Amino acid sequence: MSAAWIPALGLGVCLLLLPGPAGSEGAAPIAITCFTRGLDIRKEKADVLCPGGCPLEEFSVYGNIVYASVSSICGAAVHRGVISNSGGPVRVYSLPGRENYSSVDANGIQSQMLSRWSASFTVTKGKSSTQEATGQAVSTAHPPTGKRLKKTPEKKTGNKDCKADIAFLIDGSFNIGQRRFNLQKNFVGKVALMLGIGTEGPHVGLVQASEHPKIEFYLKNFTSAKDVLFAIKEVGFRGGNSNTGKALKHTAQKFFTVDAGVRKGIPKVVVVFIDGWPSDDIEEAGIVAREFGVNVFIVSVAKPIPEELGMVQDVTFVDKAVCRNNGFFSYHMPNWFGTTKYVKPLVQKLCTHEQMMCSKTCYNSVNIAFLIDGSSSVGDSNFRLMLEFVSNIAKTFEISDIGAKIAAVQFTYDQRTEFSFTDYSTKENVLAVIRNIRYMSGGTATGDAISFTVRNVFGPIRESPNKNFLVIVTDGQSYDDVQGPAAAAHDAGITIFSVGVAWAPLDDLKDMASKPKESHAFFTREFTGLEPIVSDVIRGICRDFLESQQ
């Protein structure tokens, strides 16, 4: 009897495929878990059995009808209406990768948008089965009686589908106290055990936050779950203030080094446990961590009660410290008692490597300059709509002195730098300045304006590691040549998006836009039509950024 093993969930769970090709009439459906992804089933066609009672809010689904292979199969099936939340048989068909997986709310699941993925799948109603949808592995293979099964190599190599270098940053302050500190260690040990630590799987280390941070052990020190559990148990309580920000910055700068065991090309993750609230600034530490390529997760326990809020420096500290404020990188537990049920969901997040992109993303690693038409044909009210268009794009990005940077130039026959990349390093300041830009009025010399922007705005930041973008918004034909200046900008490594309104000639827009022209040039007849283009430009910037990283 032949069998093949397929990893599911990135949690060390394996499914035993029954003999015969998947999807054949003689093969029973494979029982999978709620979170088994399309990429876990490496066949062109497969019959699977989804369990009942999956938590809809925890499904990761990207697309509609055609789903990115990073999506949960069962989540996609519920989203598509193939099955209900009570589970059932599903047939999975593998498809090639594509661009622009759409975001659609259907059957209680909000699918997410994804600009590009290497493989896809679709789902249809599967054949019925007498097997129960338990989400447990199904097998008709029985070990010979009287013999013990040998240990599999995975016990030493670890869970290869969950490769990550993880630092657990635990709270060792007087705020948590000795008793809860021990409960915290117990929880961390359970998480470490479920991760599937091994030479080719996750590596973990431990840092204790207190008055002064202390690295208890590094990634390279232990490569087996047994040794890690023993090391966690031996960690002593330090006390002092909960200087979580100080400890997070220390971890980002000192823990993830080659000498300490960090591996090239493996996601770097720090899981920060906060009992109550930090006693220092954690937002700045989060920024530093992102710059060092570290994905920050916050596990908050026992949120401050209303009477304690006055003692908290910043009540939004979680949102400001995490890698991305999208709900994925934060996790809350009400207290340290009965935490076993929280172990598996946290591990699933830590093993979802496709979302570990916070070290360098299109949101924090781009320079975007806006070239805004201030000619007489625009008019003051329409000029305000153009500024709103610019603001809506700018506010999407993580603007900081080490993150995304924004600049703006207004042009007629002349050019005026409204602000440069180095003038403002916070989103609030940038948006305020955009709102207060004064309308110039005059002629239209777009070509000169492009050359001016390349020379005076992009020139001073020539050594910036960020990818450069120029978004041109104009309502009419230029009195000068645009093709030459735009080509010079392209040669300088600047990607151009051209957005035309009203009388802007399509030929000019295409001459200015980067290739492929159809995805970098946009047109709308009315200024009110700028709003729908916002998401197209943002998606295009992220698409171009990702392609530049490959």
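Tutor: The link of Cys162 and Cys351 is left-handed, with -80° about the S-S bond, and the two sulfur atoms of this disulfide lie 2.0 Å apart in the predicted model. The pair joins distant parts of the chain, 189 residues apart: Cys162 sits in the loop between helix H2 (154-157) and strand S11 (165-171), while Cys351 sits in the loop between helix H8 (343-350) and strand S17 (366-373). Both Cys162 and Cys351 are buried.

With sulfur atoms within 2.5 Å as the criterion, the count comes to three disulfides. Another of them is formed by Cys50 and Cys74, whose sulfur atoms are 2.2 Å apart; the torsion about their S-S bond is about -100°, and the disulfide is therefore left-handed. Here, too, distant parts of the chain are linked, since Cys50 belongs to strand S4 and Cys74 to helix H1 (residues 73-80), 24 residues apart. Cys50 and Cys74 are both buried.

The remaining pair is Cys34 and Cys54, with 2.1 Å between the sulfur atoms and a left-handed link of -85° about the S-S bond. Cys34 lies in the loop between strand S3 (30-31) and strand S4 (45-50), and Cys54 in the loop between S4 and strand S5 (63-64), 20 residues apart. Cys34 counts as buried because its relative accessibility is 13%, and Cys54 likewise counts as buried because its relative accessibility is 3%.

Technical notes
Residues are numbered from 1 along each chain as its sequence is written. This is a predicted model: local features need pLDDT of at least 70, side-chain atom pairs count only at pLDDT 80 or more; totals for chains, interfaces and linings use all residues. Side-chain values use heavy atoms; hydrogens and water are left out. Helices (H or I, at least four residues) and strands (E, at least two) are DSSP runs, numbered from the N terminus. Buried means under 20% relative accessible area, exposed over 50%, partly exposed in between (1.4 Å probe, protein chains only).
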